[in-house]
Amino acid sequence: MDRSQGRTGGIVSDGASAAPATFTGNKALQIEEPLIFEMGQPGRCGVDLPEPPKVKDRLNGLRRTGEIGLPGLSEPQVVQHYTRLSQKNYAIDMGVYPLGSCTMKHNPRINEKVARLPGIGDLHPLQPVSTVQGALALIDALAHWLKTLTGMPAVAMSPAAGAHGEMCGMMAIAAALEAKGERAERKIVLAPESAHGTNPATAAALGFIVKPIPANDRGRVDLAALKAALGPEVAAIMLTNPNTCGLFESEIIEISQAVHEAGAYFYCDGANFNAIVGRVRPGDLGVDCMHINLHKTFSTPHGGGGPGAGPVVLSAALAPYAPYPWIVKNGDTWSVAEDGSTVDGTPLGRLKAFHGQMGMFTRALAYIMSHGADGLKQVAEDAVLSANYVMAALKDVMTPAFEGPCMHEALFDDGFLKDTGVSTLDFAKAMIDEGYHPMTMYFPLVVHGAMLVEPTESQAKEDLDLFIGALRSLAERAKSGTAAEDFKAAPRFAPRRRLDETLAARKPVLRWRPSNSFKQAAE
Ligand SMILES: *Cc1c(COP(=O)(O)O)cnc(C)c1O
């Protein structure tokens, strides 16, 4: 890159924003950041390494002769680069993060403090079991609370995310059907139309046929349609509760009874457990297994690809199939049961190397213990209160997808944008200019132009009020009928405007090559 030309390479104004282009391409503290490979200079180095000792070449002519191609930068350049990159993310530590279905809640700092204690942070999974007795006790304590909070007798701790937990639970169901000699016959998994995409994907990955169950006009499972779909070919239902419309499945007892009467199992997607933790035990609703996203309900950080942790609680009928490892206690000593010969039942094998995400376990246990029973109950109550506050404050200018109060998420459709020329996408882009990460859009699929807001319990009322104010102002502007062009031009203040998302998805540029100019790589 030739810096003498300025980073925008002579592109002077980006038109619609009417802001003058800068020489650097920076917009105040929004700094244009090239890839580290584009910044490097050959031969520059931030460390002073001694000459390597001469060794006898045993590469038999395969020795590299060309450049290795690492970027050459000084230490301050590297520090600045990564510090600037670290400031490019919108984060829950920066403001309201209303992404529905994701439970973007505050991660209390006590969790971080505990996770970094040397006896925990420095553990290695291959340490002798005698040196990790406390860690095993910690995993068992978390398992105890997960079982207690869900009213379920067993839990598999190792799954690495919600989707992985679904896989674990559905494999346990498949194993139980196999044991009854019904696996071949029971091929169908029922999933409501509003289901998270991972539910049908999990069922299909295990070879089941997925059959959708429609929602009724109240946003809940249509019980009559479900009963009609049940039969000797059905293996299970995968149902989210509270569901992805942010509503409690009010007929859940009838649903679980009907499913069991048909000889099928009830998989509950527990990603939305935050709305009911401490208030409702899924075991009391007839659930056979359910994954818990520790990185949602129990506050461990997520977003940007991980890590996650998705323990699966299991009913007595499915407990024998839980995958190993299991943490077991003999007298005063903890040990890890790592194969079928050391545990009761017929475990379905191993789903993951080692025992699970220790850092996530530690944060989740710290969260549970620092809140206590009363605190966890209040989490659910405040999460539901916040969502209903948002819903009540916006329902006269936006269109709630369903009547009545919601659980932890306020769901709107795009009815209020009808004939305005403004789409759900435009509305979300305009939120970026107001300094907010958009809510979840176009999901659940059963709602047209869906906008799903999950404020969680961790935002102060005045911050919610500002957020509500911003959305009200956007909704009123959109409805004025004269702002469509403005909305189409949003975001104006972001470092990049509208990206070609289709091209990015179809032809992602995942690898930097020296020929890519800076502009191509960034846009
Ligand atoms: C987040 C989520 C999942 C998947 O969880 P991951 O940890 O992202 O794999 C499944 N179902 C619902 C309803 C979710 O919100």
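How far is an oxygen atom of the ligand from an N or O atom in the side chain of Lys296? The distance is 2.7 Å. This is a predicted model, in which local features need pLDDT of at least 70, side-chain atom pairs count only at pLDDT 80 or more, and totals for chains, interfaces and linings use all residues. Residues are numbered from 1 along each chain as its sequence is written, and side-chain values use heavy atoms, with hydrogens and water left out.

Stay with the ligand. There are 13 residues around it, counted when one of their heavy atoms lies within 4 Å. Ser101, Gly162, Asp269, His295 and Lys296 come nearest. The side chain of Asp269 places an N or O atom 2.5 Å from a nitrogen atom of the ligand. For the side chain of His295, an N or O atom is 2.6 Å from an oxygen atom of the ligand. On its own, the ligand has 380 Å² of accessible area, and the protein covers 86% of that. These areas come from the Shrake-Rupley method with a 1.4 Å probe.

Now the domains. The protein chain is assigned domain 1 (111-367) and domain 2 (374-497); such bounds come from an automatic or database domain assignment. Their centres, taken over C-alpha atoms, are 31 Å apart. Domain 1 brings 25 residues to the contact and domain 2 brings 19, where contact means heavy atoms within 4.5 Å.

The two domains bury about 1,700 Å² between them, 67% of it on carbon and sulfur atoms. Buried area is the accessible area (1.4 Å probe) that two parts lose on being put together, summed over both. In domain 1, Cys245, Asn274 and Ala275 lose the most area to domain 2. Together they make up 26% of what that side buries.

Finally, charge. Between the domains there is 1 salt bridge, meaning a side-chain nitrogen of Lys or Arg within 4 Å of a carboxyl oxygen of Asp or Glu. Arg279 also forms a salt bridge with Glu381, with the closest N and O atoms 2.8 Å apart.

Note on methods
Polar contact = N/O pair within 3.5 Å; in protein donor to acceptor, adjacent residues only side chain to side chain.
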